[in-house]
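Please look through the sequence and the model shown below before reading on.

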Amino acid sequence: MAPCRKLVFRAQGKSLPERLSHLETKAKFGPSPSGRARPTLCPRETRPAGAAAARSAPGTRGRPKGPSCSSGRWDGSGKWPGHHTPGLSVKAPMEMRSSSTEKFYRIPEGKGPHSVGCTDLMTENAAEGSFLRLYYPSCDAADNEEARWIPDKEYYQGLSDFLNLYRAVGERLFQYYLGSVTCPAKSNAAFKPGEKYPLLIFSHGLGAFRTIYSAICIEMASQGFIVAAVEHRDESASATYYLKKKSISEPQEESTSNMEKEWIYYRKLKMGEEERCLRHKQVQQRAQECIKALNLILKINSGEEVMNVLSSVFDWNSLKDCVDTSRIAVMGHSFGGATVIESLSKEIRFRCGIALDAWMLPVSDDIYQTNVQQPLLFINSEKFQWADNILKMKKLSSNDTNKKMITIKGTVHQSFPDFTFVSGEIIGRFFKLKGEIDPNEAIDISNHASLAFLQKHLSLKKDFDKWDSLVDGIGANVIPGTNIDLSPAEAE
């Protein structure tokens, strides 16, 4: 019996919490051999020592507990634990019930009027090129297969590295649990012409990659957006790649391409390296990659020929004159939320931005001085944020009615990435992949608030204004502003 299969059966016993605790102990991040703490598991700024640290730390004085730097959580923006692997199943047993009964978990389909297709685009045979997954309104494509959610085994290896797992172990576990997962978008389906669609650029979080937020991107595409989900090459993704020519010394098999994938894996902090310096440098590159993706899509829209170095049957010429170049926005989660802010500050063509549970550490200090002029919506989870992070958001949004902040009750940081949908109830909650609220309800609130905000600030002629109240924090399971007590931090 394969090791990964043994792990599954052991985790199905009646003493599930005990089994899971055993798995957690074996796989969680610990201190490095040198004794120095490993890079933060959940992005969080270094706090002052002593009483000030206690006052500002999330979870104190009755506030929701913030991200633990020893908890081993994957924050969707990158903080995702090795021991979460048993919970990431597309076909998970109904825990604590009959072992022969299985419940299927699936990434939700788009709820809008359009069918959704997706395709990948990579330009140039170098790391400086663009790499993105495009989600778009499509023609009905019954014959097209759904796209694979995690398309290459090297992504399993990258996640294993990121989680401090042996690659051989991590790859087998991920393959077993996630190898058959697809996202509900038809691969290379024909683009649906006939109207001009607004454009949305999406930025993933730390340790993620272009496919991990498909539930959000598919919903936006089903509602009539073209969505370009960028895969960042700043070494913040758990894995990514570009194509390069094979060296002459390598054996060439018949009928194979002369190109090969050059993989770029997540870069961990070096000994003595300050995290803020690295993340600030990375967020600059990330913003440039978002702008580069914008330029690429507009180039295609204008009818210019773009060379896709990936093998694909998708007709990129079908996008000509189908992008509404006056209606462009940027969106991202966690580190991607910081990327949204940097992108807005650098590119005026982004008319507005949406930051999902943003991690503010990487944001440049000068942005707080010059401020971001465009409208900006912060959508936060209940359990992740802490006072210092929220205060930085408020510095950007003070005295500006076009900048909003809401918090979704019962959510965790992982309520935004797709992993919340492909994990079982008990395992998902045990490993903080799910909050107290149903994941589908949580993502609906986030998507509806986003659509209402986009309608207002992109001047869309849609009916998304029926969700305007959510943008003001009015409605079931949503509150205006934050649930975090800011008074101690404001007093410092």
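Which hand does the crossing of H7 and H8 have? The crossing is right-handed, in a model that is predicted. The axes of helix H7 (residues 275–301) and helix H8 (residues 335–346) come within 8 Å of each other and cross at roughly 65 degrees. On the side of H7 the contact involves residues including Arg-279, Gln-282, Val-283 and Arg-286, while H8 contributes, among others, Phe-335, Ala-338, Glu-342 and Lys-346.

**The protein as a whole**

The protein has 14 helices and 15 strands, and buried residues make up 59% of its 492 residues. Among the contacts with a separation of 6 or more, 74% are accounted for by residues 24 or more positions apart. The mean pLDDT is 81, with 76% of the residues at 70 or more. Over residues 1–103, however, pLDDT stays under 50, although the model has 248 contacts beyond four places in sequence for this stretch.

**Aromatic pairs**

A search of the whole structure finds 17 aromatic pairs. A pair of aromatic rings is described by the distance of the centres and the angle of the planes. The table gives these values for two of the pairs.

| Ring pair | Distance of centres | Angle of planes | Arrangement |
|---|---|---|---|
| Trp-149 and Phe-419 | 4.9 Å | 70 degrees | edge-to-face |
| Phe-191 and Tyr-197 | 5.6 Å | 85 degrees | edge-to-face |

The pair of Trp-149 and Phe-419 links distant parts of the chain, 270 residues apart. Trp-149 lies in the loop between strand E5 (146–148) and helix H4 (153–162), whereas Phe-419 lies in the loop between strand E14 (403–408) and helix H11 (425–430). Both Trp-149 and Phe-419 are buried.

In the pair of Phe-191 and Tyr-197, Phe-191 counts as buried because its relative accessibility is 5%, under the 20% cut-off, and Tyr-197 counts as buried at 0%. Elsewhere, ring pairs link Phe-131, Tyr-155, Phe-209, Tyr-241, Trp-263 and Tyr-265 into a cluster.

The C-alpha atom of Ile-212 is separated by 8.0 Å from that of Ile-150, a residue 62 residues apart from Ile-212 along the chain.

Arg-267 is placed in the loop between strand E10 (259–265) and H7. Is Arg-267 buried or exposed? Its relative accessibility is 17%, and therefore Arg-267 counts as buried. When neighbours within four places in sequence are left aside, Arg-267 is in contact with Glu-235, Glu-273 and Leu-278.

His-448 belongs to helix H12 (residues 439–458) and, at 17% relative accessibility, counts as buried. Not counting residues up to four places away in sequence, His-448 touches Trp-467 and Leu-470.

Methods
Residues numbered from 1 in each chain as written. Predicted model: local features only at pLDDT ≥ 70, side-chain atom pairs only at ≥ 80, totals over all residues. Heavy atoms only, no water. Helix = DSSP H or I, 4+ residues; strand = E, 2+ residues; numbered from the N terminus. Buried < 20%, exposed > 50% of the residue type's maximum accessible area, 1.4 Å probe, protein only. Contact = heavy atoms within 4.5 Å. Axes fitted to C-alpha atoms, helices over the stretch in contact; angles between N-to-C directions. Left-handed = near helix turned anticlockwise from the far one by under 90°. pLDDT = per-residue confidence, 0-100. Phe/Tyr/Trp six-rings, centres within 6.5 Å; stacked < 30°, edge-to-face > 60°.
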